[in-house]
Amino acid sequence: MTSPSPAALPDTLISALEKILGPGGLLTQASDMAGFLTDWRGMFHGRACAVARPASTEACAETVRLCAAHGIPVVPQGGNTSMVGGATPDASGRELVILTSRMNRVREIDRIDNTMSIDAGVTLKAAQDAAFDAGLMLPLSISSEGSAEIGGVLATNAGGNNTVRYGNARELVLGLEAVLPDGRVLNLMRRLRKDNTGYALRQLFIGSEGTLAIITGAILQLQPKPKSIETALCAVADPKAALALFAAFRNAEPSAIQAFEFMSGPSMKLVNTLIPDAPLPLAEPSPAYVLVELASPRGGDTLRGLMEEVLGKALEDGLVSDAVLAESEAQRLAFWKLREEHSEAQKRAGTSVKNDVSVPLSAIPEFIDRATAACEKLVPGIRVAPFGHIGDGNIHFNLVQPEGADGAAFLARDHEIMDAVTAIVRDLGGSFSAEHGVGQLKAYMMPEWRGGAELDVMRRIKAAIDPQGIMNPGKMLPDAG
Ligand code: MLT
Ligand code: ZN
């Protein structure tokens, strides 16, 4: 099917936008816009009437005001790292993409409040670095943190590697600033732990995937920088052993666990073979692995003792068959590389169907067994390559196309495959999207999973805040705007 040509904006509107956005702030040439019209996975290809790059909250608000007046739908986009097509425009060519990347100032770090006030376009990595340079820590870490921007991270309520200790993105946000669909700026930039004054609006916008507003700024709660960190890579037989190991650490000292990540053998093998400089630092490959990280703001060697004690017992009990402890920061980063490159390695191996699901911890082994059998029956030769945040019950049950198969034909079956996996998730009391959100990819699942009163309330909220339906249409809610 050929998509219609992008609607040309009238010259008067282009001039008005150029005036608001300043030099280089408006892209209208196809070659300049191309990088913003396709998602990271290459699944969604959209069109846009233009791409706007406001450099301030006010410019963003004025742009939205103008769009509202002309009925032009807008698609907010941060680092374009969505796994569910959440920031890609549709094929109509009517939509205006609004990039947050030029709003990129760390506004203030307060060492008494332990807070960071920040623009939406700062990358998560730059925000982490700024906190670190101030002697503090922003405890949010995801594989795409080098590109993902704070606005998108909050719009999707990102989870990631430290959720097990510090919670999802929404738990770290004290204040928020957002541009509403009518162009007004909603200023909720209060750095208060306690504030019981009406509806908790900031929480409504966090995780709303750009369907209610464009997040332009936030106040984030920081943590003390750890003085001691211990990181280990462990070989385990299966998810059951990984969970038993998690319980062993939790029972020994729950507050020390900063990350507890699971990687299946097949997924790790893709990393070791397709990512440069990512060899397995263990003597033998294993059916599965765990990366565990303990951290404390206190110095000393207590954590090393704890790590050795728990792993020693786990080796003795046969829960772990081998383990290696990071002896330097370089080695710790090398272990993390082995975890963070799973998505990239899978991309290099061909097309993937991703199931970012959660189930109760106790149900993970059964989920993986049943979902593996279901997928292998559906697509002989499919490469089942799960990994993820097992300490949160969040598994990326990713499926890579059979070797040598036609990638497009495999991807054409994504609904069939996702539905087979999520039927099992549902049976086990889980969720079809644990951290990547709903976006375009999974909007079709909403009526079945969140139907009835739940979806009705969501639709009413959308209609109340965005009556014209111009804010990121077609995302999250299947047919609202
Ligand atoms: C990750 O944790 O690395 C990403 O959320 C996963 C993915 O590619 O599914
Ligand atoms: Zn993840």
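In general, the strands of a sheet are held in pairs by backbone hydrogen bonds, and the pairing may be parallel or antiparallel.

The two strands belong to an open sheet of three strands, in which the order is E16-E21-E18 and the pairing is antiparallel.

Ligand 1 is surrounded by residues from several parts of the sequence, including Met-83, Ser-143, His-342 and Ser-343. Lys-354, Asp-356, Gly-388, His-396 and Asn-398 are also among the residues around ligand 1. Classified by type, this shell contains six polar residues, two charged residues and one nonpolar residue.

A further region is described by an annotation: an unreviewed UniProt entry places the feature "domain: FAD-binding PCMH-type" at residues 44-225. In the model, this span is 21% helix and 24% strand, and its end C-alpha atoms lie 39 Å apart.

As to confidence, the protein chain has a mean pLDDT of 97, and 98% of its residues reach 70 or more. The model scores ipTM 0.96 and pTM 0.96. Where pLDDT is low, predicted coordinates should not be read in detail.

Note on methods:
Residues are numbered from 1 along each chain as its sequence is written. Chains are lettered from A and ligands numbered from 1 in the order in which they are written. This is a predicted model: local features need pLDDT of at least 70, side-chain atom pairs count only at pLDDT 80 or more; totals for chains, interfaces and linings use all residues. A residue is near a molecule or strand if its C-beta atom, placed from the backbone, lies within 6 Å of it. Ala, Val, Leu, Ile, Met, Phe, Trp, Tyr, Cys and Pro count as nonpolar, Asp, Glu, Lys and Arg as charged, and the others, Gly among them, as polar. Two strands pair if DSSP finds at least two bridges between them. Helices (H or I, at least four residues) and strands (E, at least two) are DSSP runs, numbered from the N terminus. pLDDT is the predictor's confidence in each residue, from 0 to 100. UniProt positions are given in the numbering used here, feature names are shortened, and annotations may be inferred rather than shown by experiment.
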